[in-house]
Amino acid sequence: MLQSTARIDRLIRKAQEMGQTALALTDHGNMFGILEFYTAAQKAGIKPILGCDLYMSPDSRRNTNYAPGQTAWHQVIALAQNSAGYKNLMALCSTGHLEGHHHKPRVDREAIEQRRKGLLFLLPNLDSEVGHHFLRGQEKKAREILDFFAATCGRDRVFLVVQNHGREEEKTVNQFFLKLHREEGWPLVAGNDVHYVERKDSPAHDVLLCIEGGWKLNDANRPRFPSDQYYLKSGDEMHALLAEYPDALENTVRIADMCEATVEFGTLYHPNFPIPKGFKDADAYLEKLAMDGLKQRYEKPGAELKERLRFELDTMKRMKVAGYMLIVQDFINAAKERGIPVGPGRGSAVGSIVSYLTGITDVDPVRYNLLFERFLNPERVSMPDIDTDFSDSGRQEVIQYVVDKYGQDSVAQIVTYGRLKAKAVLKDVARVLGIDHREVERINKFIPPLAKGL
């Protein structure tokens, strides 16, 4: 986060302008932008290459004990060749965040061995472990890393990235990579690290780095990029920089042709609920719970109410959401049994009498004339969305209950992405540039509340 000013729409538009037919997205340690990138690139007629710039531990991903100044990670780029590779790439990212997080989400050799299928690996010039060791006079260690990738993935799926952003160290490693190509046949590929779209965006990117690290622009020792060359370059520009390296430019096209990963949309994967003995399926058990709830919630349920219940149950059966409803009622009722305060319900879920009868909500939709169709509608095939509130003190206990019952591999927490609004951007940029905050407050009064930022 806060490492790049290159927005997806601008990247794709620039690629179109330059006549490029394929584009890769390899964010550092995450794949947060992949779906947006994939759909936008396809719409624009650009082939999307799905990848990630993985952080790789020099030893075990679980090791967090490093001496001051010791390197705790290097980088390796992984690109998905096919659907299996895409799934393995997602698994590697999850492994890094869940098992290898030490300042960065890290994987290791073990993780790559387990998830190597369907992936291409690109070893970047300076940021890879190969380049790191070579620059420190440790060529033997550098070659050991290559031996690992050769044995694990095969040389036809590993590329050495030659780069030229104007740094002398890059030229040194490029010559080593060229030597490896000539002596051992390692394939080269021309690469360019893109952190902003246009060269003129470099100053704005510099300010963004200051915002991310809490620095001011005039701080002498702050981190900064060594040049203004980290933008999306054209084929001609890349040829001028790296034409001397055999097949490096041609291999960019070769890699694009090798990557055919697709993302499947529109298929719903319905969750499974363990059905007690004596019931045919999830629909039958959900009906049993609803009927029990009907007796508890209403003294004398009339024909109209029973008709509505039957309509809802039939709709849920057709849309195959009984398992989902059973899981939600299960952990909500488990929370209530444990004395954890649960909200009465909100959103469209309160329009369902099945939700009310099974304990998911405590709002009577009949009494308040609430519409079931807002919650579940056969004309708009989508999974129901049930918002549930638990007390802060009991929330983790509920999550743990779900993990224990349904398995860790079946439970995930979602993330929300925050963006800097215009007023926040102005304040942060002003701080970086050393502008008096009173002047900023004066200008901010003229900015509409919902004005866009980053």
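The exercises below concern a predicted model.

**Exercise 1.** Which residues does aspartate 53 contact, leaving aside its neighbours within four places in sequence, and how far away is the nearest side chain of opposite charge?

*Solution.* Start with the location: aspartate 53 belongs to strand S2, residues 47–56. Next, list the contacts: Thr26, Asp27, His28, Gly29, Gln75, Val76 and Ile77. Finally, look for a charge partner. Aspartate 53 is buried and has no salt bridge; lysine 104, the nearest side chain of opposite charge, is 11 Å away.

**Exercise 2.** Describe how helix H6 packs with helix H7.

*Solution.* Take the axes of H6 (residues 139–153) and H7 (residues 168–184): the angle is about 60° and the axes are 13 Å apart. Angles under 35 degrees count as roughly parallel and 65 to 115 as roughly perpendicular; the two helices are therefore oblique to each other. The crossing of H6 past H7 is right-handed. At the contact, Glu139, Ala142, Arg143 and Leu146 of H6 meet Phe176, Lys179, Leu180, Glu183 and Glu184 of H7.

**Exercise 3.** Which parts of the chain does the salt bridge between glutamate 397 and arginine 338 tie together?

*Solution.* Check the distance first: the closest N and O atoms of glutamate 397 and arginine 338 are 3.8 Å apart, and the cut-off is 4 Å. Then place the partners. Glutamate 397 is in helix H15 (residues 392–406), while arginine 338 is in the loop between helices H13 (322–337) and H14 (353–357), so the bridge links parts 59 residues apart in sequence. Last, consider accessibility: glutamate 397, at 40%, is partly exposed, and arginine 338, at 43%, is also partly exposed.

Technical notes: Residues are numbered from 1 along each chain as its sequence is written. This is a predicted model: local features need pLDDT of at least 70, side-chain atom pairs count only at pLDDT 80 or more; totals for chains, interfaces and linings use all residues. Side-chain values use heavy atoms; hydrogens and water are left out. Helices (H or I, at least four residues) and strands (E, at least two) are DSSP runs, numbered from the N terminus. Buried means under 20% relative accessible area, exposed over 50%, partly exposed in between (1.4 Å probe, protein chains only). Lys and Arg count as positive and Asp and Glu as negative; His and the chain ends are not counted. Contact means heavy atoms within 4.5 Å. Axes are lines fitted to C-alpha atoms, for helices over the stretch in contact, and angles run from 0 to 180 degrees between N-to-C directions. Angles under 35 degrees count as roughly parallel, over 145 as roughly antiparallel, 65 to 115 as roughly perpendicular and the rest as oblique. A crossing is left-handed if the near helix is turned anticlockwise from the far one by less than a right angle, and right-handed if clockwise.
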